[in-house]
Amino acid sequence: MPADDDTGAQPALTREALAVAALRVLERDGLAGLSMRKVAAEVGVKAASLYWHVRNKEELLDLLNDEIMADAVAPPREGDWRSQFREYSRRYRRLLLDKRDAAKVVAGRLAPGPHLLRLMEEQLDRLREAGFTDADAAMTTYLLGAYVQGFVLQEQSPISADETTGTSRGAIAAAAGDRFRALPPEEFPNLVALADDLTQPAMDARFEFGLDRILDGLATLLPPDRR
């Protein structure tokens, strides 16, 4: 970090600067490579200096959790609540996929900073306006967030040991389909019959199927004329 004057003094270190630096390290080295030492080096200080601002790595992850959401943009308030939250979920998935190991950071973590607070407030306002009760609106934001995070966690995890050695996901899925079709049909009639259905759908199609089923279920919480 360059000095800000002739005395060699450095610019004041802030929690916001640490969050931005942690995101750079995450995208470069992944969650396994994220450390206090690397974040400190990113902002040009010794690791001990970070402890004036965060107590430990978990608190750093709390800051990172919110920084990941800095680029999130809510969809337009167009169409019904289903179309709006379908687009919300699609955008959240894309955001998590675009940032290395982002889903591993945010999954299960409730550390609302300014970016996340803004999105939560906006989502709850839409849900209450759509007719959901307060309790159902709160549960809906949790459910949709958990679905997207869980789905992306699976997308970003190796599909099998073969992927870690360079085999593509498409080739692995095709091989699994071949294995299903080669099974004894008298013992595994369903796996043989559904081999293509189990292995051919792309992840986009799988995501949309699950999302639509969740939205169908949420609609039952509303009066018939507002579903």
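Student: Is Phe132 buried or exposed?
Tutor: Phe132 counts as buried, at 4% relative accessibility. Buried means under 20% relative accessible area, exposed over 50%, partly exposed in between (1.4 Å probe, protein chains only).

Student: Before more numbers, what are the ground rules?
Tutor: This is a predicted model, so local features need pLDDT of at least 70 and side-chain atom pairs count only at pLDDT 80 or more, while totals for chains, interfaces and linings use all residues. Residues are numbered from 1 along each chain as its sequence is written, and side-chain values use heavy atoms, with hydrogens and water left out.

Student: OK, how many aromatic pairs are there?
Tutor: Five aromatic pairs. The rule takes rings of Phe, Tyr and Trp (its six-membered ring) with centres within 6.5 Å; planes under 30 degrees apart are stacked, over 60 edge-to-face, the rest tilted.

Student: What is the geometry of Trp81 and Phe132?
Tutor: Their ring centres are 5.1 Å apart and the planes sit at 85 degrees, so the pair is edge-to-face. Trp81 is in helix H5 and Phe132 in the loop between H7 and H8, so the pair ties together parts 51 residues apart in sequence. Helices here are DSSP runs (H or I, at least four residues), numbered from the N terminus. Trp81 is buried, at 8% relative accessible area.

Student: And which way do Tyr147 and Phe207 pair, stacked or edge-to-face?
Tutor: Stacked, because the planes are at 25 degrees, with centres 5.4 Å apart. Tyr147 lies in helix H8 and Phe207 in helix H12, so this pair links parts 60 residues apart in sequence. Tyr147 is buried at 16% relative accessibility, and Phe207 is buried at 0%. Together with Phe151, Tyr147 and Phe207 make up one aromatic cluster.

Student: Switching to the core. Which residues touch the most other members of the largest nonpolar core?
Tutor: Val39, Leu64, Ile68 and Leu96, out of 51 residues. A nonpolar core is a set of buried Ala, Val, Leu, Ile, Met, Phe, Trp, Tyr and Cys residues joined through side-chain atoms within 4.5 Å. Helix H1 gives the largest share, seven residues.

Student: What is Ile68 in contact with?
Tutor: Setting aside neighbours within four places in sequence, its contacts include Leu23, Leu26, Leu95 and Leu96. Contact means heavy atoms within 4.5 Å.

Student: Now charges. How many salt bridges?
Tutor: The count is 27 salt bridges. Each is a side-chain nitrogen of Lys or Arg within 4 Å of a carboxyl oxygen of Asp or Glu.

Student: What about Asp216 and Arg82?
Tutor: Their side chains form a salt bridge, 2.9 Å from N to O. Asp216 is in helix H12 and Arg82 in helix H5, so the pair ties together parts 134 residues apart in sequence. Asp216 is partly exposed at 32% relative accessible area, whereas Arg82 is buried at 19%.

Student: Which partner does Arg77 have?
Tutor: Arg77 pairs with Asp125, and the closest N and O atoms are 2.8 Å apart. Arg77 lies in the loop between H4 and H5 and Asp125 in helix H7, so parts 48 residues apart in sequence are tied together. Arg77 is partly exposed, at 39% relative accessibility. Asp125 is partly exposed too, at 38%.

Terms used: Helix = DSSP H or I, 4+ residues; strand = E, 2+ residues; numbered from the N terminus.
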